[in-house]
Amino acid sequence: MNPCKIDIQNFSVKRGTFTLKPLSLSIRQGEIFAILGRTGSGKTILLESIAGMYPGNQGTILLDGTDVTQIPPANRSIGFLYQDHLLFPHMKVRENISYGLKMHGYSKKQQKERTEKLMEMLSITQIKDQYPGTLSGGESQRTALARALALNPDVLLLDEPFSALDPAMRQTLYKELLKIYHKYKCTIIFVTHDFSEARQLAHRIGILLDGELRAVVDGKDLMTHNFDSEVEQFLGRK
């Protein structure tokens, strides 16, 4: 992994009736950055844009100074974890994790070694031969996270990764995520609508409302910084 700086310059995208308005944002190398906003504000679309799913839109996305706006997702060294995990139901846990390695031409030995290392790190070795339909929410989340990390991405994108979990499991996985961050130092961007989660995990937080980036603030200052009236209302302070 080579944690990279991300520069989004005057980027906008239209999906159906929704428009992500032109925004510019710099995410620091090795930073944990949270995107906070209501449901339907464009958080997932912004993540997917960084991943390369919407080429040909206005603006530019740079990874470590290289323009990747027209580069397909598979060539961006980005790991993506969706809220609903999207595990392959017909594959066992170990097969789900190694799938990307197989598709990228890694040898069977490399696939096995990398998969076993990730399963051990995320404490899921004991479920390696189970199918996704038999997993708990936490086990499913760990499996999906291992799959996202399998190809050693420079950037890890997480779309509301903890929203379906109970509070105790959330705290456990917060620790797992921070352990991964300190071990690999990849740049992490995660989407959430949970103020506490954003403050607990992120170095900085971007607030996205109705497709517009309204503010960027240090995580520790989220509840004390002075924002405009609409952001204050979103934060429940007005």
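Which residues does Leu 156 touch, not counting residues up to four places away in sequence? Select Leu 156 and display its contacts (heavy atoms within 4.5 Å): the partners are Gly 79, Leu 145, Ala 148, Leu 149, Leu 177, Cys 186, Thr 187, Ile 188 and Ile 189.

Before going on, note that this is a predicted model, in which local features need pLDDT of at least 70 and side-chain atom pairs count only at pLDDT 80 or more, while totals for chains, interfaces and linings use all residues. Residues are numbered from 1 along each chain as its sequence is written, and side-chain values use heavy atoms, with hydrogens and water left out.

**The cores**

A nonpolar core here is a set of buried Ala, Val, Leu, Ile, Met, Phe, Trp, Tyr and Cys residues joined through side-chain atoms within 4.5 Å, where buried means under 20% relative accessible area, exposed over 50% and partly exposed in between, with a 1.4 Å probe and protein chains only.

Next, colour the open sheet of 6 strands, whose order is 6-7-8-3-9-10 and whose pairing is mixed; two strands pair if DSSP finds at least two bridges between them. Strand 6 and strand 10 are its edge strands, each pairing on one side only, and the twist averages 15° from one strand to the next.

Select strand 6 (residues 78–81), which is covered on both faces: Ile 78 and Phe 80 are buried on one side, and Gly 79 and Leu 81 on the other. Strand 6 pairs with strand 7 (residues 155–159) in the parallel sense over 4 bridges, and within strand 7 the bridge partner of Phe 80 is Leu 157, while that of Leu 81 is Leu 158.

Move on to the loop between strand 7 and helix 5, where Glu 160 is found. The phi of Glu 160 is near 45°, a positive value in a residue other than glycine, and Glu 160 counts as buried because its relative accessibility is 11%.

At the other end of the strand order, select strand 9 (residues 204–209) and strand 10 (residues 212–218), which pair in the antiparallel sense over 6 bridges, with Leu 208 standing opposite Leu 213 in strand 10. Their hairpin has 2 residues between the strands, and Asp 210 there takes a positive phi near 50°. With a relative accessible area of 48%, Asp 210 is partly exposed.

Now select the open sheet of 4 strands, with the order 2-1-4-5 and antiparallel pairing; strand 2 (18–27) and strand 5 (66–67) are the edge strands, each pairing on one side only. Strand 1 (residues 6–15) pairs with strand 4 (residues 60–63) in the antiparallel sense over 4 bridges, and Ile 6 stands opposite Leu 63 in strand 4.

**Helix packing**

Select helix 2 (residues 93–103) and helix 4 (residues 137–149), whose axes come within 7 Å and cross at roughly 25°. Helix 2 and helix 4 are therefore roughly parallel to each other, on a scale where angles under 35 degrees count as roughly parallel, over 145 as roughly antiparallel, 65 to 115 as roughly perpendicular and the rest as oblique. The contact is made by Val 93, Asn 96 and Ile 97 of helix 2 and by Thr 143, Ala 146 and Arg 147 of helix 4. The buried residues of helix 2, among them Ser 98, Gly 100 and Leu 101, pack against helix 3 (108–121) and helix 4. Just after helix 2, Gly 105 takes a positive phi of about 85°.

Finish with helix 3 and helix 5, which pack at an angle of about 130° with their axes 11 Å apart, and which are therefore oblique to each other. Select Arg 114, Lys 117, Leu 118 and Met 121 of helix 3 together with Glu 176, Lys 179, Ile 180, Lys 183 and Tyr 184 of helix 5 to display the residues that make this contact.

How values were computed: Axes fitted to C-alpha atoms, helices over the stretch in contact; angles between N-to-C directions.
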